[in-house]
Amino acid sequence: MSYGGFVLRRLVTAVPLLLAIVTVNFALIRLAPGDPIYMIIGEAAQYDDRFVQEVRARFGLDRPLHEQYLSYVARAARGDLGVSFYFDQQPVLGVILSRLPQTAILLVLGYAVAIVAGVFLGARAARRPYSATDNLASVVGLLGYSIPSFWLGMLLILVFSVHLGWLPVGGMMDVRTPASGWGMVLDRARHLVLPVIALSGFHLALITRLTRGSMLEVLHLDFITAARAKGLPERDVYRRHALRNALLPVVTTAGYTVGFLLAGSVLVETVFAYPGMGRLLYQALIARDFPLMLGVLIVVSVTVILANLVTDLVYGKIDPRIRMQ
Amino acid sequence: MTKTLWAAALAFVVLTGLAHEVVAQQPKRGGTLVAGTTFEPRQLNAAITTSWADHVVGAKIFSSLLRFPEKGFPTPQGDLAEKWSVSPDGKRLTFNLVRNAKWHDGKPFTAADVKFTFEQVLPKLNPNRTIFEMITKIETPDPYTVIMERTQPFVLFYFDIFNAGILPKHVYEGTDVAKNPANLRPIGTGPFKFKEWVKGSHIELVRFDEYFKPGRPYLDRVVFKFVPDVGAAIAALEKGEIDYVPRWVPLGDVARLKSRPGIEVSAVGGVALAQSRWMTFNVRDPLVKDLRVRQAIAHSIDTAAVTRIATGGQFEVAESFLWKQFPEYDAKYSTTARFKRDLAKARELLDAAGLKAGAGGVRAKLELLTHTGVGDLDKTVEVIRDQLREVGIDVTVKRVERALAFDMAKDGKFQLYIHSNWTAGPDAATGVQRFFVSDNIGKPIGNSGGYLNKEVDELTEKALGEANPRRKKELVGRLQEIFLRDLPALPLQQWVGVSAYRSEFGNVTTHSADGRENFEDTY
């Protein structure tokens, strides 16, 4: 079967999956207790009944739940994710799109660091098991694996921003003296360093350990011995024979990583005051902003579905034994 | 993220204090102030909101007729109104407006803008619109005079006038005000004009050169940076990335920040809203409805000790339902004096209520509803639980998320309830009454304890309409006497928002509603 057909079929099967995601999340969000009216009107206000009714009607909260659900699904199918409760009636899609680029940059960088550095370190450690390098990689890996991302973020802020003063505490740019041109790029990059480390820490550790384990396993297989017996240079044995085979489980994990990175961005973006989608979800949650929460969850689900699709494709490329079926 | 985690993270890192040179405190022109706020505003139209996040930014862009500096509270200061006067019967208010005010788009400001805002916007879209609905007539005999009339005296109206930012008629007339794009790119008459809102990151305001007060403001730019985690905001303040953290400095950080050179800590700016923390009793509950049980609880709690332990002495003890700073406050109605800690008496009262000590000395089991997210509230609740245990009242703490706590309280699903802080100002009658009048039973953020007293309803009605300060004090006093007798709630603490700013700046916290200064004289 062709690549195109495979992709198309996977995309079509994603539709009922998305509908299920919307339905489950809609139900979960609405079943959770707490009324958004307090955040919309504010705590200092006098709650006169007529006003509360008017506000409920303005946001469609006065209609029966099943009606709200059906109209939501109908509109969402046309790409209209409704209006935000918290961000005074602004379209949800617009609010999300304004945050998406920041999260995309953070995610891509975090992903790249985790995969590239993880594979490099893992392969490196596997070369001489139980050497000093390997032990160091193991300890660092274990730490990275066990420190929660937000805690790592706090430590990074305290060490590198407050104490050493090398990098900014948070935000995405210097708002006091905004730079332009290359200065702006540099400024944005400086603001990304710590969040990327905090976000990728766990996955970097995971992939390092996975690559190491997988490499050690592969290096003991017969075909490696055969390759060495053929007189291939050790470099080629490592790169073309061992690593390529050792990477298969790593690719599977890397596919799931996208979803976990997105989840991690909620905490990391909040700690670093970084204006991305993760923090938006946190804000929406606190404010009981139902449409915004659902909107972010849909965008996240689509991203994860696409990431899994890409993983399958990459898997097929690396391992020709896998056929697209 | 919790305060504790930050403290623990801090313990990991050795901090060296950097010596900062304190700059001479003379107002000077120029400069940028970066404020870090935990909440991003919903929108910026200052006439259709009561949200703190909206007002903190909106107050710099929009002017009101009157302002309320902390100094001299509760006497207002003129803003867009140069002078104002009240008719002898209190039902007619006349404002003489400044003549040189301009909108940020260059159009002149006139009485027509005030009339439009008070007729077309406030009584329709402001969450406290009932107050504005009571205005029966607004006249503008000339472009710089506004006369408002009501059938009842305007006694409690001044602060609401401050709450109402005046909108430009030429921008809003004939549009759907709630959805007007100007709500996100506002045009006001205030000292700073809107420049840019980078969603999720910051809002930038720049000096309005044609502001109607000559020579003001001093600052060139004001930037509001949104920092959801207050611990991160404090770190940014210490590093100098942020200059000002309004209202939400955690009490645990206060001592450290105070000792740090280059940073000023200020608790100025809470009087008008008079945030109070009290314990609400659900008087419909079979146990709590017995007055003797409520009295026993009051006699078991040492509010001074609770406040000292839980807030490190940052909050004052609430000695009555009114803030001590209010003109109607009278030590005669002090709850702390009436209900001194007296465990023997508490036990006696519990005995009389039929709650004898059972196994392990336990006389009664009660559930205390509270909400998450406020460190000093957690501690307050814990100390109270310990103190009540001493008389055999076994308290289970039910700690839920804020929005859920509101819902449970509204439906009366609790026995005891402590909310972090209620807005109990700006007036002795308006602020406190909504929590105790029978009309507000079952309403959100209303009379959650279900306290029902006709006399309270009548006295409140009278106090709300009373223009004479002496008679009003008397009426409010009678209300307090009834509260002392019936004990529908027990006052605990006067909650204050603590702000911190870098000492290069001056006149930062000046307003009686913290965070809502307009920065016109900040430098």
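B:Leu184 touches B:Gln43, B:Leu44 and B:Trp197, leaving aside residues up to four places away in sequence. Two residues are in contact if their C-beta atoms, placed from the backbone, lie within 7 Å. This is a predicted model: local features need pLDDT of at least 70, side-chain atom pairs count only at pLDDT 80 or more, and totals for chains, interfaces and linings use all residues. Residues are numbered from 1 along each chain as its sequence is written, and chains are lettered from A and ligands numbered from 1 in the order in which they are written.

B:Leu184 sits in the loop between H6 and strand E8 (192-198) of chain B. Helices (H or I, at least four residues) and strands (E, at least two) are DSSP runs, numbered from the N terminus. B:Leu184 is partly exposed, because 17 other C-beta atoms lie within 10 Å. A residue is buried at 20 or more such atoms, exposed at 12 or fewer, and partly exposed in between. In sequence, B:Leu184 and B:Arg42 are 142 residues apart. In space, their C-alpha atoms are 8.9 Å apart.

Helix H3 of chain B covers residues 111-125. Its buried residues are B:Ala111, B:Asp113, B:Val114, B:Phe116, B:Thr117, B:Phe118, B:Val121 and B:Leu122. They pack against strands E5 (92-97), E6 (135-139) and E7 (145-150), and against helices H4 and H6 (169-172), of chain B.

Chain B also meets chain A. Here 47 residues of chain B are in contact with 50 residues of chain A. Several elements of chain B each supply at least two residues of this side, among them helix H1 (3-12) and strand E1 (32-37).

Note on methods: Expected span 1.5 Å × (residues − 1).
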